Amino acid sequence: MAHPSQLGFQDAASPVMEELLHFHDHALMIVFLISTLVLYIIVAMVSTKLTNKYILDSQEIEIIWTVLPAVILILIALPSLRILYLMDEINDPHLTIKAMGHQWYWSYEYTDYEDLGFDSYMIPTQDLAPGQFRLLEADHRMVVPVESPIRILISAEDVLHSWAVPALGIKMDAVPGRLNQTAFITSRPGVFYGQCSEICGANHSFMPIVVEAVPLEHFESWSSLMLEDASL
Amino acid sequence: MLRLIAARGGRLLARPPGAALTPVCSRAASHGEGEASTAVDMSRPLYWNRLDTPLPDRPFKDVLNEEDTALKQKEKGPWGQLTKEEKIAIYRLAFQRTYPEMKQSTGEWKTVVGGIFIFMGLTGLVVIWQSYYVYPPQPRTFAEDWQARQLQRMLDMRVNPIEGFSAKWDYEKGQWK
């Protein structure tokens, strides 16, 4: 989750998010360089003592400020496309989970082996235990085994929603009647929070996503426990 | 009675046609330029005082009286025979202002900055009023002890442990790094 007055990204919990962080650093550095140059030129133009400011023809600078931006764009596009294709690589998932968006909660289905399904509602502010995070906590978390490739199929039962977890670098729209697929690997154990990212009605801000990455044994005992609870 | 009102109305409506231009003129006047100006005919050559375009389309004084015409005639001869005052007069016929006069600062920035501060102050008053009269009570999670427990929970959960939040906490010493 984000900490108070945070400005940058959350620490990456998946390899794709790490790549995105580094790409963002690269692109932002280019942006800072260009902005500094432009700001310098503006200040120089405004404070000059020269009176002859209207040269109408100069081939050399025209060539430079056509070619240089093209080169900069290529320098941005190549890493960007690399990450784009990286995200789509075949990854042979260990587990497939379905995340269904409803108004106004998420439901998760783990149907690879048994029929496990449960709803995940936000814990209202008045029901929080001291120290819990307002508008982020959910009653049931989506538990996944750590360091395992997971395929997640995202859809919706009523209106558009969007399943987003910033620490994992995932955002995928939940479209009714459509199955969107994405995949991730959690590189470290922990709890990762996200919020619905497509306007879906009155409680759009109150349907968070909580992903908990645990070692495989803990995942197995959790799923047995959930199945027992469901069958009760 | 009606005649009186009509007379007043008539007076209000009979404004000069260049009235729309007066805001610029009055602003110029209040910042120390203080010259009367009239509506500008853009289809004729213009005169201007600009640092970056030094030679306007026409001289400042187009219409010359006898004295000025005589001066212009004398200018056609050798310039060494012109006195200093004559040279200055010839310059003033062609140009309204000298370079130092054009570069003079107007003090307009003081008005702008002052206006900005005034409006920022008024905005501040509005913000204070609304935070007292409009905002609902804060959620209970903003209480100090809740925030403290939340902070401890974030450290226990190792939130952002690589470069972010928990990375700045020294777990062995139990204090911030």
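**Exercise 1: An arginine and its ring**

Solution. The model is a predicted one, in which local features need pLDDT of at least 70 and side-chain atom pairs count only at pLDDT 80 or more, whereas totals for chains, interfaces and linings use all residues. Residues are numbered from 1 along each chain as its sequence is written, chains are lettered from A and ligands numbered from 1 in the order in which they are written, and side-chain values use heavy atoms, with hydrogens and water left out.

**Exercise 2: Aromatic pairs**

Describe how the rings of Tyr108(A) and Phe118(A) are arranged, and explain which parts of chain A this pair ties together.

Solution. A pair of aromatic rings is described by the distance of the centres and the angle of the planes. Rings of Phe, Tyr and Trp (its six-membered ring) pair if their centres lie within 6.5 Å, and planes under 30 degrees apart count as stacked, over 60 as edge-to-face and the rest as tilted. Over all chains, the search finds 14 aromatic pairs. For Tyr108(A) and Phe118(A) the centres are 5.8 Å apart and the planes 50° apart, a tilted pair. Because Tyr108(A) lies in strand E2 (residues 105-110) and Phe118(A) in strand E3 (residues 116-120) of chain A, the pair ties together parts that are ten residues apart in sequence. Tyr108(A) is buried at a relative accessible area of 0%, and Phe118(A) is buried at 8%.

In chain B, the rings of Tyr91(B) and Phe95(B) have centres 5.0 Å apart and planes at 40°, so this pair is tilted. Here Tyr91(B), at 31%, is partly exposed, as is Phe95(B), at 23%. Returning to chain A, one aromatic cluster is formed by Tyr108(A), Tyr110(A), Phe118(A), Phe219(A) and Trp222(A).

**Exercise 3: Two helices of chain A**

Determine how the axes of helix H1 and helix H2 of chain A are oriented to each other, and which kinds of residue make their contact.

Solution. The axes are lines fitted to C-alpha atoms, for helices over the stretch in contact, with angles running from 0 to 180 degrees between N-to-C directions. Those of H1 (residues 15-47) and H2 (residues 59-87) come within 11 Å and cross at roughly 170°. H1(A) and H2(A) are therefore roughly antiparallel, since angles over 145 degrees count as such, under 35 as roughly parallel, 65 to 115 as roughly perpendicular and the rest as oblique. The contact (heavy atoms within 4.5 Å) includes Phe23(A) and Ile30(A) of H1(A), and Ile76(A) and Ile83(A) of H2(A). The contact residues divide into twelve nonpolar, two polar and two charged, where Ala, Val, Leu, Ile, Met, Phe, Trp, Tyr, Cys and Pro count as nonpolar, Asp, Glu, Lys and Arg as charged, and the others, Gly among them, as polar.

**Exercise 4: A cysteine and a cis bond**

Where does Cys200(A) lie, and which residues does it touch?

Solution. Cys200(A) is in the loop between strand E9 (190-195) and strand E10 (208-214) of chain A and, at 4% relative accessibility, counts as buried. Not counting residues up to four places away in sequence, Cys200(A) touches Gln103(A), Trp104(A), Val159(A), Leu160(A), His161(A) and Met207(A). Gln103(A) and Trp104(A) are joined by a cis peptide bond, with omega about 5°, and Trp104(A) lies in the loop between strand E1 (95-102) and E2 of chain A.

Notes
Helix = DSSP H or I, 4+ residues; strand = E, 2+ residues; numbered from the N terminus. Buried < 20%, exposed > 50% of the residue type's maximum accessible area, 1.4 Å probe, protein only.
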